[in-house]
Structures are given as C-alpha cells and as structure tokens.
Amino acid sequence: MNADFGAPKELAGGLQQRRALYQPRLPPCLQGPTVRLEYGDATTTIDPTSAHVVAQAFPRTYGQPLVTFLTDAAGKTDEQRPPIRVGVVFSGRQSPGGHNVVWGLHDALKAYNPQSVLYGFVGGTEGLFANKTLEITDDVLASYKNQGGFDLLGRSIDQIRTTKQVNAAMTTCRSLNLDGLVIIGGVTSNSDAAQLAETLIQNNCKTKVVGVPVSLNGDLKNQFVETTVGFDTVCKVNSQLVSNVCLDAISAGKYYYFVRLMGRKASHVAFECALQSHPNMLILGEEVALSKLTLMEIINKICDGVQARAELGKYHGVLLIPEGLIESIPEMYALIQEINILHNNNVPVAEMSSQLSPWAAALFQFLPPFIRRELLLHQESDNSAQLSQIDTEQLLAHLVEAEMIKRTKEGRYKGRKFSSVCHFFGYQARGSLPSNFDCDYAYALGHISLHIIATGLTGYMATVANLKDPVDKWRCAAAPLTAMMSVKRHLRGPGAIPIGKPAIHPSPIDLKGKAYELLREKASSFLLDDFYRTPGGIQFEGPGSDAKPITLTIEDQDYMGDIEILKECLSKVKTMVKPGCSREVLKAAISSMVSVTDVLTVMSHPLNAELPLYHFN
C-alpha cells in the first residue's frame with residue numbers, strides 16, 4: 001500500500017489552492033447537528049417477481065421503510081448525543097468528488113459530537129480487511145477538500161464479497177468498535193454493502209452499513225438515485241475533449257475520429273457527452289442490444305453515414321462509442337461469455353481459442369489480432385471482461401475502412417479515401433477537480449451518511465432528490481439498498497425464471513425518456529450539419545459554474561416528490577370516502593380504484609418491468 005496515502009500535501013497550483021477554500025452548500029435540513037426523521041411505508045423491489053427472492057436472501061434488511069430527513073428545530077443537546085465511531089472506505093473506481101463525501105461525513109460527525117472519531121481505511125477494501133486505518137482530522141482533510149482522485153485513502157480490489165472478505169471486514173468493525181461503516185462506490189460496491197449489512201446483523205455486530213453512490217459511470221440510477229457523484233465532472237471534462245476533437249476534424253477536413261468513452265456496460269457518459277458536444281454520430285449500447293444489431297450491421301450504418309456526408313463534400317466526422325458497446329453486440333456478448341467460462345475453469349489463455357465452440361471460434365478468427373488478444377485478458381474483480389482494455393474504437397475503424405474500400409471497388413462509393421484517428425478517453429477525467437455540483441452533492445451525502453448511522457439504520461444508501469433544482473430545494477433521504485435490487489433473468493416474459501443472487505444492477509439509458517427523445521430529434525442535424533458545440537472547461541465561478549448534466553435537468557426524476565403527491569391523494573380519498581358517504585361517491589371510488597389496481601397489475605408484470613439492460617441478451 002502507498003505510504004503517502006493521507007499524508008498532508010502542498011497544493012502546488014493556484015487553482016487547487018482556491019478550490020480548497022470553496023465551502024460546499026448544504027440543503028436546509030442538513031445545516032444543524034441533527035435531523036428530524038419521517039418514516040415512510042415499507043419498500044419493495046423494482047421487479048415484483050424478484051421480491052420473494054430478495055426477501056429470502058435479505059430477511060433482516062428487506063422491506064425497510066424509506067426515510068426522509070427534515071429540519072430539526074428542537075434537536076438533542078450536545079450532552080444527549082453520544083460520540084460515534086465511524087469507518088469509511090473507497091470501494092469503487094476513483095471518481096471526482098469522492099473526497100468531499102469523507103469531508104462531509106467528518107464535519108457532520110464532529111458537529112454531532114466533537115468527541116466522535118472517523119477512521120479512513122488506507123488502500124481501499126484491502127485496508128479494511130487488514131484493519132489499516134488513518135484517523136481523519138481537519139489537518140488531514142485540509143489538502144484534499146474539493147480535490148480530485150482518491151489519493152486521501154486510495155482504493156484496491158473494490159470487493160467485499162467472499163466469506164473470507166466479509167469475515168475480515170466484520171473482524172475489523174468489531175476490533176475498532178465501529179458504530180458505522182460508510183462504503184463509497186458504485187453498483188457492485190453497494191450490492192456488497194447490502195450483503196455486509198445483512199451479515200453483520202446476523203452475527204450480532206453493532207456496526208451499521210451505509211452506501212454512498214459515487215461512480216463516474218453514472219449507471220447507479222434508479223427510483224431513489226438520480227445521478228452519482230463524479231458523473232457531472234467526468235462528462236464535462238470529456239465533453240471538452242470531444243468538442244476539441246470536433247473542431248480539429250472540421251479544420252483538417254480529412255479524418256474520422258472514433259472516440260471511445262468510459263462507462264462500463266451502460267452508455268450514460270457517451271450519451272451525456274453527445275448532448276453537450278454534438279458529434280456527428282453516437283452508437284448507444286442500449287440501442288444495439290434492443291435492436292439486436294450485429295457487428296456488421298453497425299459497420300454498415302456507420303458507412304452509410306460516411307457516404308451521406310461524402311455526398312455533401314464532407315470527409316471528416318466524429319463518432320462516439322461507449323466503453324460497453326462490445327458487450328451489447330449479440331455475437332460479441334456470446335463470445336465474451338464463452339471466454340469468461342474458460343477463465344472461470346482456469347483454462348490457460350494460450351489454449352482458449354482451441355476450446356471455443358465452432359461458431360465462436362469462427363468469429364474469434366475473423367476479428368483482428370489485437371482484439372483477440374484483448375478479449376483473452378483476465379477478468380475484472382467482478383468477473384466481467386476488461387472493457388477498458390478492449391479497443392472497440394479501433395475495431396470499428398478497421399472494419400469501416402475495409403467496408404469503404406469494398407464499396408469503392410464495387411462502384412458504390414466514389415469519394416475520397418476513408419481515413420480514421422482513434423482515441424480512448426478512459427482515465428483523463430477521473431482525477432479532475434470536481435465541479436461545484438459534485439462538490440455540493442458529495443458533501444451533502446457525507447452528512448446524510450452520518451445521520452443514517454446516528455439513527456441506527458443499516459443497509460441503507462444516502463440519497464438526494466430534486467438535484468436539478470437549487471441546493472436549498474434538494475430532498476435528503478435514506479433508501480434501503482434491497483429496494484434497488486433485482487435478480488438476473490434469461491428472458492423477459494411470463495416464463496422468465498429469476499436466477500442468481502439479488503444485486504443492484506447497472507441502469508441502462510431510458511430509450512423512452514425525454515433526453516433520448518431530444519437526441520433522436522437532433523440526430524440528423526448532428527450527422528450532416530456539423531452542429532458542433534463547445535462547452536469549454538469546467539467553470540468554478542461565474543456563468544456556467546452551476547451547470548448540471550443535461551440528462552439530469554431534462555428528465556422528471558422527483559420520485560420522492562411523486563411519493564408525497566400519491567400520499568396526499570390517498571389521504572384525500574380516505575377523507576372523502578367514509579362510512580356515511582353517498583352510494584354514488586362510494587361507487588365512483590370503487591370503480592376508480594378497480595381501474596387503478598388493474599393498470600398497476602399489468603404494469604407489474606415482468607414483461608414490462610424496468611429491468612437491467614443485459615436481461616435483453
């Protein structure tokens with residue numbers, strides 16, 4: 001482990017020093033040392049057919065209520081608030097704003113009781129297992145406030161899953177007498193947090209487990225989580241890079257730029273960057289999976305776009321590709337699954353190609369040598385393919401060039417020779433100075449995490465709703481992790497059978513949402529008109545400093561507000577329909593309620609459930 005983690009450091013640049021002075025804004029309910037809690041109804045899961053499986057796997061934490069935080073006008077005095085011992089660990093990929101979660105947690109902890117202690121686990125989850133800690137103090141935090149990266153504590157394997165790992169974490173929690181453990185990460189880390197919370201209760205360990213949604217991929221989105229910490233910053237940095245490439249393309253007028261963007265399985269980063277920078281083409285993994293487009297069908301679509309632009313005298317362009325696209329292509333997905341099985345069976349890499357099925361072997365041999373090598377790389381810690389190491393943009397550029405040469409020979413294309421330049425923007429944004437939005441959001445989540453622990457809740461995620469509004473309108477809450485879970489199923493339909501363990505799955509782009517509708521409206525203009533947009537660098541002061549992701553501001557995501565509206569409607573019905581009301585009122589109420597329940601029954605059918613994207617595969 002790096003001995004420099006947590007060490008005070010000099011902020012060399014003037015901008016870094018100025019950013020360290022920025023004080024994040026807090027919603028009104030978090031501005032005091034305590035909060036008032038409002039408990040809602042018991043929660044269920046997004047997929048009704050998985051509810052019984054989740055309930056069986058999490059008997060102690062399933063069905064917990066949604067908890068809303070409100071301003072506490074008459075809280076407990078300092079003497080009534082005992083000191084709390086909390087641990088915090090980075091469990092996901094580094095994401096801008098992660099440090100502010102720790103800062104917010106520390107400030108809330110000290111406001112609650114100055115004698116409270118915060119321990120950071122050095123080296124990520126491996127530091128948690130080995131009980132390697134650093135006490136977080138004002139002096140330690142001074143040079144990490146509003147700064148990028150995860151270098152305050154570092155990170156490692158991003159996993160608390162095996163029995164050995166869970167037992168090691170539990171041993172550490174008991175050894176430090178922790179009241180709470182805050183796990184900062186994405187979908188996989190928060191799934192592990194849910195299992196750890198369940199196990200600690202089962203073993204009579206007092207430590208409460210809280211998850212915090214921090215992920216640059218933006219794929220931890222559901223009815224409770226509108227976006228993740230870091231997504232805004234990463235998209236702004238990448239959008240600037242993409243817009244620079246767009247202007248370079250139109251200046252030279254002779255290259256097609258194939259740009260692959262980070263994001264894992266879902267295409268959220270590429271989608272947001274396209275809305276911010278207006279490239280000529282965007283291939284979404286969600287569209288490919290839904291339409292079951294083959295690799296060559298994708299190539300032909302790109303070539304058709306190149307040819308349409310050539311007819312206008314344009315021989316340049318920019319194409320955005322999400323990191324997870326290759327897993328969305330049906331035949332490539334099947335090939336990767338075969339390779340994963342061989343990895344799990346410990347088959348040597350040198351022998352894998354000879355043990356593939358005949359059709360998979362044929363596809364494997366069709367691919368360029370560099371892609372073959374990359375597909376055989378060892379899996380990630382979550383047993384998935386190393387998507388960041390697979391040069392999908394080069395594969396597409398290679399095949400598009402071959403197809404354009406073929407069309408030229410056949411006389412179907414009479415333009416200039418096709419030339420491409422490839423880029424992968426995968427790591428350039430992860431250590432960026434976080435935007436004001438990410439600074440504020442992360443700091444608030446740190447405060448919420450403390451209040452969840454102080455209240456004695458476990459197996460919850462810190463959440464904020466109404467994020468597209470100003471900070472003073474944000475709604476703060478705690479949502480059960482089990483309410484975000486579903487179970488993988490092979491087919492979507494009445495005969496689908498849930499398999500595997502419940503987990504929080506990556507959320508795909510909503511192809512029925514307003515943001516996607518906006519993209520479709522502009523697709524033709526993007527392709528042919530060179531309607532490039534230059535968002536510029538992240539602004540910390542003045543115009544643009546409070547800009548938020550376009551996909552966040554367009555969609556109607558105030559789930560918490562909608563729950564309140566529903567409660568008000570039900571309350572009014574209960575008030576108006578009481579024994580003694582007229583028969584006409586009673587019949588109207590029954591008729592309306594029967595219609596509502598019939599509609600909800602149909603919507604709850606697994607065929608229409610909002611399941612994770614790769615259930616389509």
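1. K301 counts as exposed because its relative accessibility is 52%; exposed means over 50% relative accessible area, buried under 20%, and partly exposed in between, with a 1.4 Å probe and protein chains only. K301 belongs to helix α11, residues 295-310. Helices (H or I, at least four residues) and strands (E, at least two) are DSSP runs, numbered from the N terminus. Between the C-alpha atoms of K301 and L216 there are 29 Å, and the two residues are 85 apart along the chain.

2. A note on the basis of these values. The model is predicted, so local features need pLDDT of at least 70 and side-chain atom pairs count only at pLDDT 80 or more, while totals for chains, interfaces and linings use all residues. Residues are numbered from 1 along each chain as its sequence is written, and side-chain values use heavy atoms, with hydrogens and water left out.

3. T43 is found in the loop between β1 (35-42) and α2 (51-57). T43 counts as buried because its relative accessibility is 13%. Its side chain reaches the backbone oxygen of Q64 at 2.6 Å. Leaving aside residues up to four places away in sequence, T43 touches Y62, G63, Q64, P65, L66, P480 and A483; contact means heavy atoms within 4.5 Å.

4. Strand β3 covers residues 85-90, and five of its six residues are buried. β3 runs parallel to strand β4 (residues 117-121), with four bridges joining them; two strands pair if DSSP finds at least two bridges between them. In this pairing R85 stands opposite V117 of β4. β3 also pairs with strand β6 (residues 180-185), in the parallel sense and over five bridges. There, V89 is opposite I183 of β6.

5. The structure has 10 aromatic pairs. Rings of Phe, Tyr and Trp (its six-membered ring) pair if their centres lie within 6.5 Å. One aromatic cluster is formed by Y256, F258 and F418.

6. R19 lies over the face of Y22, 4.7 Å from the ring centre. R260 has its charged end over the ring of F424, at 3.7 Å from the centre. A charge sits over a ring if NZ of Lys or CZ of Arg is within 6 Å of the ring centre and within 35 degrees of the ring normal.

Terms used. Rings of Phe, Tyr and Trp (its six-membered ring) pair if their centres lie within 6.5 Å; planes under 30 degrees apart count as stacked, over 60 as edge-to-face and the rest as tilted. A polar contact is a pair of N or O atoms within 3.5 Å; within protein, one must be able to donate a hydrogen and the other to accept it, and residues adjacent in sequence count only if both atoms are side-chain atoms.
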